[in-house]
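Subject: Structure handover

Hello,

Here is the structure you are taking over. Please open it next to this email and follow along.

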Amino acid sequence: MSNRLVETLAGGAVICVAVAFAVFSYSRAGLRAVEGGYELSASFNRIDGLATGNDVRISGVKVGSVVSQELDPKTYMAVIHMKIRSDVELPTDSAAKIASDGLLGGKFVSLEPGGDIDMLQPGGTVEYTQGSVNLEELIGQVIYSNKSDSGNGGAQPAPEGN
């Protein structure tokens with residue numbers, strides 16, 4: 001009987017430690033949505049890999065998160081809505097681009113503040129955008145362009161003389 005009591009207490013302690021670790025990890029990961037703040041939108045030609053909840057960063061520092069994404073049926077552009085911290089003000093000529101956290105990392109929205117005196121208002125739109133880069137297409141272009149160059153060893157044909 002005492003053996004089962006010890007096993008039960010040990011199991012309970014393991015569960016308590018696991019829950020404490022999960023709470024600590026969640027609090028340190030910065031996964032909480034931006035509270036307060038204001039919403040901005042931006043249109044991109046492509047947002048491959050960007051999901052709701054992904055970070056919005058300025059100079060690598062998280063200042064918001066992606067709230068939603070939709071397709072504009074008139075322009076066929078991807079429109080994302082972002083929630084930005086209320087203490088971060090962005091000039092009207094700011095730019096947004098879809099960036100990657102390394103080769104295998106996730107995507108995030110990188111905001112680059114402009115130099116205008118006027119600031120974007122809540123509900124405003126970031127006008128200057130750059131969509132995500134499709135790495136598969138880039139790698140394919142590099143591979144196939146190198147194959148066509150390798151036939152002559154990279155040598156250029158001799159210029160024709162007079």
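Aspartate 101 has a relative accessible area of 42%, so it counts as partly exposed. Please keep in mind that this is a predicted model.

Which residue does aspartate 101 form a salt bridge with? The partner is arginine 57, and the closest N and O atoms of the two are 3.2 Å apart. The pair links distant parts of the chain, 44 residues apart: aspartate 101 is in the loop between β5 and β6, while arginine 57 belongs to strand β2 (residues 55-58). Is arginine 57 buried or exposed? Its relative accessible area is 15%, and buried means under 20%, so arginine 57 is buried. Both residues are also part of a network of salt bridges that links Asp55, Arg57, Lys62 and Asp101.

**Other salt bridges**

Side chains of opposite charge can pair when their charged atoms come close. How many salt bridges does a search of the whole structure find? It finds six.

One of them joins arginine 46 and aspartate 48, with 2.6 Å from N to O. Arginine 46 is partly exposed at 29% relative accessibility, and aspartate 48 is partly exposed at 33%.

Another joins aspartate 87 and arginine 85, at 3.0 Å from N to O. Here aspartate 87 is exposed, with 57% relative accessibility, whereas arginine 85 is partly exposed at 33%.

**Strand β5 and its neighbours**

The loop that holds aspartate 101 lies between β5 and β6. These two strands pair in the antiparallel sense over six bridges, and alanine 99 stands opposite phenylalanine 108 in β6. They form a hairpin with six residues between them. In the turn, glycine 102 has a positive phi of about 95°.

β5 also pairs with strand β8 (residues 128-130), this time in the parallel sense and over three bridges. There, alanine 96 stands opposite threonine 129 in β8.

Is leucine 104 buried or exposed? Its relative accessible area is 87%, and exposed means over 50%, so leucine 104 is exposed.

Regards

Methods. Residues numbered from 1 in each chain as written. Predicted model: local features only at pLDDT ≥ 70, side-chain atom pairs only at ≥ 80, totals over all residues. Heavy atoms only, no water. Buried < 20%, exposed > 50% of the residue type's maximum accessible area, 1.4 Å probe, protein only. Salt bridge = Lys/Arg side-chain N within 4 Å of Asp/Glu carboxyl O. Helix = DSSP H or I, 4+ residues; strand = E, 2+ residues; numbered from the N terminus. Pairing = 2+ DSSP bridges.
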